[in-house]
Amino acid sequence: MSLTAAMESSCELDLVYITERIIAVSYPSVAEEQSYSSNLREVAHMLKSKHGNNYVLFNLSERRRDVNKLHPKVLDFGWPDMHTPALEKICSICKAMDTWLNAAPHNVVVLHNKGNRGRLGVVVAAYMHYSNISASADQALDRFAMKRFYEDKVVPVGQPSQKRYIHYFSGLLSGSIKMNNKPLFLHHVIMHGIPNFESKGGCRPFLKIYQAMQPVYTSGIYNVQGDSQTGICITIEPGLLLKGDILLKCYHKKFRSPTRDVIFRVQFHTCAVHDLDVVFGKEDLDEAFRDDRFPEYGKVEFVFSYGPEKIQGMEHLENGPSVSVDYNTSDPLIRWDSYENFNIQREDSAEGAWAEPSLPSKHLEKG
């Protein structure tokens, strides 16, 4: 039994030479800390014996001291699992990979990921497009290998926002997407179709909006009965100025229970938004795209303008009397920001990356 086979069987480690010079090392998020740590050491030993000091490890997950200690060169580019990184970060990763690979013919890149393989997919697909711009014909085989890895290993497990950002990146590289530099103000988020998150139908949604992963807005909690409405409109007045990488997360606050579920999540970059009315179908929404509780015909519409002033003629969007809104957002469950502890340096910690120190343990989040 080879070393690689032994490692793979011990904690579902996936070690793949995508090309001769790009290696992916991936562990499931549920890998036990003990076996993960020993696997890290074995992988480091294998890489050093095969590639000496000619490799750079690109860490796409949370920072860990042991990862940094085990390898001669580590670049930390991590971002939260199941999400897409900032557009600027994708660019930085591709530049760093290209610089290292072009510096010497023996240099190799190792992509390290603990969690969903979608992170690997973003980097591999982005670098495939990036190298296409600068590459010679003899790299066509490598691009084919990257494409095959992406389609076989990543597409089945990836999220729609990850695909969207790969599309942005390739479009900006090729010039097919023109940059929008105008500031956008978000006024309305409209859910067409009501997800069924309660036993009697309906849901209690609230929104959190992040810019560059920093929370910039939290809505009230809307209470929508399943059969009383065909849609729901969350209005932000005055309009919220958004620029750059945006993450909008819609939660359901469970009835009489201190927990919240993710209804949908969507990430976009304002540089690629050219219409003041943007619609995301179910297939475009992270988490919701494979959740039966979100209606098949459901979609989410964003209404923007170029200024904060209330948009005239939108009275028809107002919710009916059956929708009530609770503006008590001091509840820690509503205020809790899932991302603030993402990159606290970890010493082989088995605790989830999203651990929340100030939140009572009874407050739980699913997804």
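R117 is partly exposed, with a relative accessible area of 26% (buried is under 20%, exposed over 50%, partly exposed in between; 1.4 Å probe, protein chains only). This is a predicted model, in which local features need pLDDT of at least 70 and side-chain atom pairs pLDDT 80 or more, while totals for chains, interfaces and linings use all residues. Residues are numbered from 1 along each chain as its sequence is written, and side-chain values use heavy atoms, without hydrogens and water.

**Salt bridges**

- The count is twelve salt bridges, each a side-chain nitrogen of Lys or Arg within 4 Å of a carboxyl oxygen of Asp or Glu.
- R117 pairs with D14 at 3.8 Å, N to O.
- D14 lies in strand β1 (residues 14–17) and R117 in the loop between β5 and α5 (118–134), so the pair ties together parts 103 residues apart in sequence.
- D14 is buried, at 15% relative accessible area.
- A network of salt bridges links D14, R117 and K153.
- R119 and D81 form a salt bridge at 3.8 Å, N to O, and both residues are buried.

**Strand β3**

- Helices (H or I, at least four residues) and strands (E, at least two) are DSSP runs, numbered from the N terminus.
- Five of the five residues of β3 (residues 55–59) are buried, so the strand is largely enclosed by the rest of the structure.
- Y55, L57 and N59 cover one side, V56 and F58 the other.
- β3 runs parallel to β5 (residues 108–114), joined by five bridges; pairing requires at least two DSSP bridges.
- N59 has H112 as its bridge partner in β5.
- Three bridges join β3 to the parallel strand β4 (residues 74–76), where F58 stands opposite L75.
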